[in-house]
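Here is a short briefing to keep beside you while you turn the model around. Take the topics in any order you like.

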Amino acid sequence: MRERRPWAVALAACLALDGAVPLAWRADVLQEQPQLYQPVRSSGGIVASQDGLASAVGAQVLRQGGNAVDAAVATSFALAVTHPQAGNLGGGGFLVLWLPGPSRAGRPGCGAEAAAAEQRLGRGVAVAVNFRESAPRRASSGLFLDARGGVDRELATRSLRSTAVPGTVAGLGLVQRCYGRLSLAQVLAPAIALADQGLVVGPDLAASLALARPLLDRDPTSRSLFLGGTGRPPAAGSRWRQPQLARTLRGIAAAGEAGFYQGPVADQLVRLMRQGSGLIEHRDLSSYRARLVKPLLGQLRGGHAVLTMPPPGGGVTLLQLLHILEPMQLERLGLNGAATIHRMAEAMNLAYRDRNHWLADPDQITVPTATLISQAHAAEQRARLQLDRHRPAAELASQPLLLPDNPNTTHLSVVDRQGGLVATTTTLNFAYGNGISVPGAGFLLNNQMDDFTAKPGSPNAYGLVQGEANAIAPGRRPLSSMTPTLVMRPSGEPWLATGSPGGSRIITTVLQVILNRLVHGLNLATAVATPRIHSQLWPDQVSLEPGISPDTQQLLGSMGHRLVAVPAMGSANSVEWLGDAQGSLGVADPRKGGAAAVAESPP
Ligand code: DON
């Protein structure tokens with residue numbers, strides 16, 4: 001007899017009551033059902049991020065009259081202070097937003113580009129921001145190859161050369177200028193205060209810094225910033241100040257992006273590069289631009305619109321997966337049953353195969369986006385999917401392997417009082433990037449160059465075996481799995497914002513949050529908390545979080561899947577807008593120590 005969890009029983013009862021119309025595809029978004037976990041509720045907006053202090057900063061900005069963009073930017077800058085393993089100034093990321101009201105294209109500093117990028121949807125506009133790091137001009141395809149033609153993993157991930165031109169400050173500046181309501185100085189103020197006055201180190205940060213001690217100890221600047229004079233990270237409960245970072249943030253508040261890409265911070269960064277193997281020069285920094293781009297738009301059965309990140313982000317693969325899986329009646333096969341997991345894993349392998357071959361920076365490489373996300377391609381892929389047997393990766397493509405690492409990225413979602421939604425994912429790539437900090441400027445550098453294909457057929461840190469299209473080239477932005485995503489209701493009203501860290505598992509995490517919410521009918525908190533699975537073609541295995549039942553695993557094994565138990569995957573901090581009268585819901589993924597902070601107490 002199969003083990004039944006309490007929420008599964010409740011869900012089964014709801015499905016039975018729902019009769020012939022599948023619950024997930026009623027004309028509009030589901031009723032809430034009694035389930036294990038409950039999201040927080042607010043009438044004034046919610047910020048869900050991976051760190052409680054940073055979420056509280058965002059909620060405070062909403063209370064001050066900021067919109068979802070102001071709150072997201074304030075939270076991102078705060079994460080650069082409170083969550084140094086992934087929050088950053090020295091990294092990059094993506095953002096997708098929907099805001100009520102007219103085009104913002106007339107605003108100073110966001111003219112023609114905004115007009116071309118905005119997508120009118122319902123009573124508002126949607127836009128995406130690409131602030132992915134780019135390869136320095138002096139970078140070339142063989143950058144990380146050693147004398148024998150192999151990939152020098154140390155050089156690709158731990159050296160100054162692993163750093164791509166940071167995009168975060170440009171991205172946050174651009175989106176705030178075009179779509180925020182407050183000034184940049186206003187949204188930076190809380191982060192500056194946290195860096196200046198210090199924060200009380202929580203247990204999660206203390207544990208993370210302790211784990212990263214060997215890495216941070218290798219770089220003299222990181223050692224003094226994060227390990228103090230003692231060589232030990234600040235203990236839980238102690239106050240930790242970051243005056244250099246406060247100075248850098250103040251420079252950005254005063255001069256905007258020029259406070260980072262020009263002047264003393266740029267000088268310090270370039271000087272550091274020249275001392276080692278780094279390639280970033282002044283002209284790379286001064287010419288870096290974040291870009292407003294049209295979000296990818298997918299239509300799901302029932303009329304829900306999915307707005308997600310185009311290449312080099314992960315949205316193509318997400319939409320491919322939704323389009324393959326959507327008609328397969330997963331709601332009838334059951335959440336995390338063997339038949340459901342099998343279909344998801346096989347679809348993931350097909351979609352990751354396309355990802356690794358076709359996807360890259362569309363500004364330099366022709367990416368067949370429209371074909372890949374078409375229903376015709378999804379139908380063709382679905383037809384290849386064998387319902388009773390795993391198709392080994394070797395049958396689909398060639399080349400294996402996985403390299404373990406300690407990655408980190410961070411995702412936050414914001415909803416404001418008017419239903420404005422922001423989903424943004426940023427990263428240094430690994431936790432604490434390459435571990436190297438910019439002297440005098442107080443921030444860590446990314447090691448995003450490893451997301452390029454260092455050598456075709458050779459896996460990167462996430463085991464992704466990528467193709468020629470994603471080779472290193474000057475100015476190119478490396479292919480990413482980051483997939484900040486919004487879902488709109490069939491009525492055109494805003495609904496859900498989600499996304500996740502997790503390297504190659506980001507896309508499949510976002511997929512499962514959407515399927516759990518929309519297809520399986522779980523409430524937001526349960527949709528996020530439910531155990532997840534992942535498959536990416538190579539390595540030829542399905543990763544399972546704890547909580548997938550033994551008999552399900554047995555069935556999957558008999559279909560030919562190699563199953564691997566893994567610890568928690570991703571951190572899908574998510575929010576949902578219910579309506580003017582009903583307010584909003586939010587949840588921080590219980591897998592990580594985040595928090596969903598409300599801007600106003602429920603009435
Ligand atoms: O952009 C990417 O796909 C990776 N650099 C993301 C890294 C990541 O999510 C690590 N996190 N947990």
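A residue counts as buried when its relative accessible area is under 20% and as exposed when that value is over 50%. With those cut-offs in hand, the face of helix H19 turned away from its buried side carries two exposed residues, Ala376 and Ala383. Please keep in mind that this is a predicted model.

- Helix H19 spans residues 375-384, and its buried residues are His377, Ala378 and Gln381.

**The nonpolar cores**

- The largest nonpolar core has 86 residues, and the members that touch the most others are Leu89, Tyr179, Leu249, Leu292 and Phe443.
- Helix H3 (residues 68-82) gives this core its largest share, 11 residues.
- Which residues does Leu292 contact beyond its neighbours within four places in sequence? They are Cys110, Glu113, Ala114, Ala117, Val127, Ala128, Val129, Leu174, Cys178 and Tyr179.

**The ligand and its surroundings**

- The ligand is surrounded by 16 residues, of which Thr409, Gln448, Asp451, Ser480 and Gly503 are the closest.
- In the side chain of Thr409, an N or O atom is 2.6 Å from an oxygen atom of the ligand.
- An N or O atom in the side chain of Arg132 is 3.0 Å from a ligand oxygen atom.
- Ser481 takes part through its backbone, where a polar atom is 2.7 Å from an oxygen atom of the ligand.
- On its own the ligand has 350 Å² of accessible area, and the protein covers 97% of that.

- Is Thr248 buried or exposed? Thr248 sits in helix H11 (residues 243-255), and its relative accessible area of 4% is under the 20% limit, so Thr248 counts as buried.
- Apart from neighbours within four places in sequence, Thr248 is in contact with Leu89, Val265, Ala441 and Phe443.
- Thr453 is found in the loop between strand E12 and strand E13 (485-488), and at 5% relative accessibility Thr453 is buried.
- The side chain of Thr453 reaches the backbone oxygen of Gly467 at 2.8 Å.
- Gly467 is also one of the contacts of Thr453 outside four places in sequence, together with Gln466, Asn470, Ala471 and Ile472.

**Gly583 in strand E19**

- Gly583 belongs to strand E19 (residues 583-587) and is buried, with a relative accessible area of 5%.
- Not counting residues up to four places away in sequence, Gly583 touches Ser42, Ser43, Trp577 and Leu578.

**Backbone details to look at**

- The peptide bond from Pro311 to Pro312 is cis, with omega near 10°, and Pro312 lies in the loop between strand E10 (305-308) and H15.
- A cis bond also runs from Trp538 to Pro539, with omega near -5°.
- Pro539 is placed in the loop between strand E15 (533-534) and strand E16 (542-544).
- The loop between E15 and E16 also holds Leu537, which has a positive phi of about 75° although it is not a glycine.
- Leu537 is buried, at a relative accessible area of 2%.
- Asn429, in strand E12 (residues 421-430), is a residue other than glycine with a positive phi, near 80°.
- With 2% relative accessibility, Asn429 counts as buried.

Terms used: Residues numbered from 1 in each chain as written. Predicted model: local features only at pLDDT ≥ 70, side-chain atom pairs only at ≥ 80, totals over all residues. Heavy atoms only, no water. Core = buried A, V, L, I, M, F, W, Y, C linked by side-chain atoms within 4.5 Å. Buried < 20%, exposed > 50% of the residue type's maximum accessible area, 1.4 Å probe, protein only. Helix = DSSP H or I, 4+ residues; strand = E, 2+ residues; numbered from the N terminus. Contact = heavy atoms within 4.5 Å. Near = heavy atom within 4 Å. Polar contact = N/O pair within 3.5 Å; in protein donor to acceptor, adjacent residues only side chain to side chain. Areas by Shrake-Rupley, 256 points an atom, 1.4 Å probe, with all protein chains shown as cover.
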